[in-house]
Amino acid sequence: MKFFLFVLLFGIATTSIHAQIYYDTEDEVPDLLNILYDHNFARKDTSICLFQFNLGQSSFKSDKPISNDFLPSMHYDIKLMFRFVKNPKLINGAIGIQYSENKFDLGDQYANISNEGVILLPTGYNNLTFNRITLRSWSIPIMLYIRAREVPFLNKFKFGVGFIPGLNLENGIQKTKYHVDDKNYILKESSDFNMRHLRASLLFELSFNNFSFFYELGINQDSSLYNFTEGVNKIGMGFSF
């Protein structure tokens with residue numbers, strides 16, 4: 001969580017500086033909306049390096065048994081992309097590095113991990129306020145972008161499709177909060193949750209200026225233990241700086 005807050009503040013500060021460079025000519029200080037959304041981003045989006053922050057929901061494929069117990073919850077991605085061409089007229093590519101955290105709500109269940117897989121048991125706590133699993137990964141997104149840069153208005157739109165191979169970090173975290181006799185308690189347990197080391201997904205992204213909407217489809221298959229890398233899908237929105 002501390003890392004998440006640091007990167008979010010860094011992104012806002014970076015965008016604020018970026019925005020003020022273009023508002024100084026009118027001696028105006030941009031408000032929060034102008035900081036987050038840049039209506040001239042398509043025209044200024046010519047650098048080799050691109051920072052992007054995504055926020056949305058992660059879930060398992062509905063046809064997987066695990067989806068009934070690990071409920072959809074928040075995820076975020078932080079990525080730094082390096083484009084192949086600085087200012088292309090139509091098609092461009094990019095490669096980068098991405099850190100992701102996927103979270104799943106467990107309701108009142110506890111994930112018991114063994115060599116045979118993940119077995120869900122009742123927590124035994126009647127006053128649960130939080131019960132969630134966090135899974136982390138590093139990935140290398142490889143993207144292809146299309147933008148009609150020389151066509152008015154349409155140059156504000158950008159369509160991207162990509163392949164994202166990556167590595168799951170070995171230690172996932174289950175965090176449980178509950179209270180007894182007006183006292184709050186927090187339990188944390190770290191486990192590999194029988195995850196495979198490798199993960200992969202396909203990404204579809206539609207951007208308007210620096211705002212984007214995306215869908216990421218998990219394509220891992222043949223998971224004998226119904227682990228956390230099979231069929232994890234993500235949907236959400238992002239901002240590019």
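This briefing covers side-chain contacts in the structure above. The model is predicted: local features need pLDDT of at least 70, side-chain atom pairs count only at pLDDT 80 or more, and totals for chains, interfaces and linings use all residues. Residues are numbered from 1 along each chain as its sequence is written, and side-chain values use heavy atoms, with hydrogens and water left out. A search of the whole structure finds eight aromatic pairs and six salt bridges.

**Aromatic pairs**

- Rings of Phe, Tyr and Trp (its six-membered ring) pair if their centres lie within 6.5 Å; planes under 30 degrees apart count as stacked, over 60 as edge-to-face and the rest as tilted.
- F153 and F157 pair edge-to-face, with centres 5.6 Å apart and 75 degrees between the planes.
- F157 has a relative accessible area of 31%, so F157 counts as partly exposed (buried is under 20% relative accessible area, exposed over 50%, partly exposed in between; 1.4 Å probe, protein chains only).
- One aromatic cluster is formed by F53, Y76, Y99 and W138.

**Charges over rings**

- A charge sits over a ring if NZ of Lys or CZ of Arg is within 6 Å of the ring centre and within 35 degrees of the ring normal.
- K158 lies over the face of Y145, 4.5 Å from the ring centre.
- K177 has its charged end over the ring of F130, 5.3 Å from the centre.

**Salt bridge between loops**

- A salt bridge is a side-chain nitrogen of Lys or Arg within 4 Å of a carboxyl oxygen of Asp or Glu.
- K89 bridges to E150, and their closest N and O atoms are 3.9 Å apart.
- K89 lies in the loop between β2 (71-83) and β3 (91-105), and E150 in the loop between β7 (142-146) and β8 (157-168), so the pair ties together parts 61 residues apart in sequence (strands, E, are DSSP runs of at least two residues, numbered from the N terminus).
- K89 and E150 are both exposed.

**Buried salt bridges**

- E101 and K103 form a salt bridge, with the closest N and O atoms 3.3 Å apart.
- E101 is buried at 8% relative accessible area, and K103 is buried at 13%.
- R199 and E216 meet in a salt bridge at 3.3 Å, N to O.
- R199 lies in strand β11 (residues 198-208) and E216 in strand β12 (residues 211-218), so this pair ties together parts 17 residues apart in sequence.
- R199 is buried at 9% relative accessibility, and E216 is buried at 1%.
- Salt bridges that share partners join D77, R199, E216 and K234 into one network.

Key: Helix = DSSP H or I, 4+ residues; strand = E, 2+ residues; numbered from the N terminus.
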